Amino acid sequence: FGRRHLTINTARPMMRNVAVIVVFLLAGHPAQGSRATARAAAAFQSKDSIALNSEDAARSWGLDATKAAASVNRTSVDTFLATSDYDSMDFANSHLCYKTFVMTSTDDKNEPCPRACPFYVQNKLDDKVCSFKCIRGEDCTKFNPKTAVADPAMGICRAPMVSNCKEYEHGVDQDKCHTCEDWYYLRKKDGKCYSEYVILLAVVAIVLGVVVLLGMAWAVDIGLRPITNPRGLSKGMKFRESQKLHQPKEHGEGHARLWPLTTNLCRTLVAGPGMTLHFNFQGVIIGWALLIAIGWTCMGYSIDGALFVLGTRDFGTPRQNCILVAWGYETQQRLMWTKVGFCYWVYVGTFACCLIHSVRQLRIFQDTDFKNKTMKDFAVLVEGLPEVSGTERVEDDVKQCIQNATGQQMVGVSVAWDFHEDQEIVQEGGEIELRMQEGMLTPGGAEGGSAPELRGDENFGAIRKFLFNKEVENLADDAQPTEDLDAQLEACLNKMTTSEEAFAVFETEEMRDNALKYSEENNGIPYGDSRIKLLNITCEPDTVYWENFGHTSNFLQVMRVLRGFGFIFLALLLWVLVFYAPYAWSVFSFNYDNGQQPGAIYGIVFSMVVVIGNAIMYEVCARVSDSVQYRFKDSRETTYMLLYTIACSFNIILDFVTTYFTTWAIIKGLHFRTYHGTPVGEIGSFTDRFESYAMQRVLAENTYRYAFPSTYLIPFILEPIITIAVPLKIGQIIVRTHPEMQGKQAEDFLAAPAMEMGRYADLILNLILGVMILWFPGGWTHTLFFGLAVSHVYIYIFDHMRVLRTIPTCTFASMDVDWWSQVALIPLCGMVLSCCIFKANRQGYGILLEGNDIVKVCGLAFFAHGLLHLLLLVYVVPLFGKKEEPNHELDNLSYKDIADALPASWFSTNPIHCLRSRLIYKHAPHCVYLHPGKEHILMVNESIGCFFSVDYREKMMEDEASEVATPTKPNWGLFGSRNSPPKQK
């Protein structure tokens, strides 16, 4: 057909459909854009006339048959077409101008209105659900008074769109606001909203910009300064290297070597069995996440591809939202059996996996313990010591008492003293001893040579010299050395009293076991007027916090934990008020009309808010755990892991509660309805609100965005930068440009951060976020769990490299942290079970609960599972442990054999024992206190249990061979010098 003439050749089958359309046009139905389909039954009696079966044709178009009856000849058709406006005809569209139609799940959300009436408007003049019309722009307010703006780009009649607007100016066809949000004012000229504090914000931004620029200028300048302290930098970096985890020193070797990067940390005892369990835990998480992701992917491909789409489609215009809700509800209900079945399998599989994991971890710990001989295999905890003054030789007395009673040969006794109030002088004494020992062993003295006579700023300009002097003032060690330190230390040691605990060390493990048996059979050993008991231990010497003995109790520790929850609450409140509340307010006040969605900046800000919240909880929980003053490192790490898990769970709960109410307010303000037509504002029960598709879709996306990449990946990508690379670079820059920084001060600036078991909390938090996605439409499920698996592969690799090449030497001796992490997995399984029951309600599985009754049942199931799971962990899992088999090679090893390979002994890690050896007992050589990374200062004295030594000459030769000369940078920068740098004497 042409633009001004149309000829219908009924001999061609396709033209017969056009004839049908023409007949409807003549019958009084302006079928603008009706589908040209072959469903209409038409009979052509001759070449010059067209006769239609009107009933069949009308039925195929859903019209009244009596109105569609028509029999026209060719002349009538030509006459009609010759006088018709072909420009208004759109044969590709199904909507009629100004005719009300109700959107369903089968409608195309991207289908436009006809060109003659190109704007969709929601019909507010009827009581139908999701009813719309296609109209002309000038008629927008006739059917919906609030949508005065005809938007050609969106193809809808919409309300005005103005940022930060609370109430729009209705009845005008421009984007103007009537009332602005709080903290914004309305400019009448353009109808836009502007911040009332724009001047203040500009001033603050300028000030912050200046501060940042000055800081950057200082950082660039100090980075470009000449290197004036190569010796301090070299010694500090050597110390950082010597702090790393090393293999046990083989018999006959001068010193230990680093572990190779190919070391399997799931099997090799690198930093105690606790570290081995930690890496096994990470491996299990990766496998679990992959199984769930693959399982859901297989279901999507084999059952219905809609499983990959549910919950992922964006909201849009009111018409598009109607289609989305209808399609989402119908599809979700149609495929709910897949969700319920999948959740049940996830629950059964996760529960079984947790129990198998618990048994496996126990057997790994036992197998590691049985195949390795360490310091704990020769020691017992002595409990019940009376308070004894430091003037007495308590160590010898206790040793003699236990030997006489049990008949077993001992190496010695290391008493836990109460020196909480004397920590500063004890620490100073240890540092002085370190300098003294290094002065004897290091060529050139304790600091590797005398301090440089020049400060390094002799040729600096005025500004650079000013900055340099300020740096020296802030970096200087203000502590003055104590006069006559040894005399004061000796007096302090004499007035010191013992705690109730000590560690007794035996020559062989068999002797240790015999002594334990004797103590158990005789209910202890008499010691003066008291009775001491010998107890088995699972700790290692370098996991003992010697400073926390004697002044605390279990009751005080519980009270400190409770006090710590108060600090955690305050930190959470700080995060909410300073970081989360502004973000939540901006999301809540965002204008979601007309399908608008927050931009990418909101997602970035949300990720940063999550990262900041986790970082705050990380630091607060670490400080709280330290304040409890545990005696053993594993107890501190367990508390830290649990506190961090609980604190971050509070973060998650707060975020989801806020998101729930924010989403509820938004969809209520946008006049969303349920699939059955009930306005969301009229829904009473939490269950019905939560299960409405609009709410499910928003919460699903929020869960995904919170988890990946905000929690799963971004913090761990930033972690090596913020905690390792940046501090190291800053330390290197400061040390190399300040000649006054030598010895311990330079080493402290360049030391690596210690390893903590807070990673367990990170992993458990990730798992909790993972199973939360099961409560929502499944379009995000496979993506989230694949993201979880990939993220944890990266975390595993990062931790592997960190352990082998960064962290200072450490030991995690027990499985306490891992066992409590297994307890922390109990809520994980309980949440999956609750999800199964919740989703199965009213789905033909025998659960028919109305309203919020299902929430109570889910809660009951959650706690029932928790009780069952905990009982199995405590009573059933231990039954599957391994039994120790005789190992003659290990059984023949003595304490001397182990102490020769491991520097951390029950004596060298106890600072008071080392000071008493030097000042009270006058041992020659005395027991030297172990500073991690300074193992070469330890001296052998077999009579007091000191066997470890390093061939320092071999170590020095290796250090000198590996040392690379530090180049001196050109003397230029932002605040440059006048002359070349002075040479050090």
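Predicted model: local features only at pLDDT ≥ 70, side-chain atom pairs only at ≥ 80, totals over all residues.
Local features need pLDDT of at least 70, side-chain atom pairs count only at pLDDT 80 or more, and totals for chains, interfaces and linings use all residues. Residues are numbered from 1 along each chain as its sequence is written, and side-chain values use heavy atoms, with hydrogens and water left out.

Helix 21 (residues 714-736) packs against helix 17 (residues 600-627) at an angle of about 60°, the axes lying 10 Å apart. Helices (H or I, at least four residues) and strands (E, at least two) are DSSP runs numbered from the N terminus; axes are lines fitted to C-alpha atoms, for helices over the stretch in contact, and angles run from 0 to 180 degrees between N-to-C directions. S607, M608 and V611 of helix 17 meet I714, P715 and L718 of helix 21, where contact means heavy atoms within 4.5 Å.

Helix 21 also packs with helix 24 (residues 781-805), at an angle of about 20° and with axes 10 Å apart. Helix 21 is therefore roughly parallel to helix 24 (angles under 35 degrees count as roughly parallel). On helix 21 the contact involves F716, I717, E719, P720 and I724, and on helix 24 Y794, I795, F798 and R802.

An open sheet is formed by 5 strands in the order 14-15-13-17-16, with antiparallel pairing; two strands pair if DSSP finds at least two bridges between them. Strand 14 (410-418) and strand 16 (525-527) each have a single partner strand, so one side of each is left without a neighbour in the sheet. The twist averages 30° from one strand to the next. Within the sheet, strand 13 (residues 379-383) pairs with strand 15 (residues 497-506) over 5 bridges, and V380 stands opposite A504 of strand 15.

Conventions: Parallel < 35°, antiparallel > 145°, perpendicular 65-115°, else oblique.
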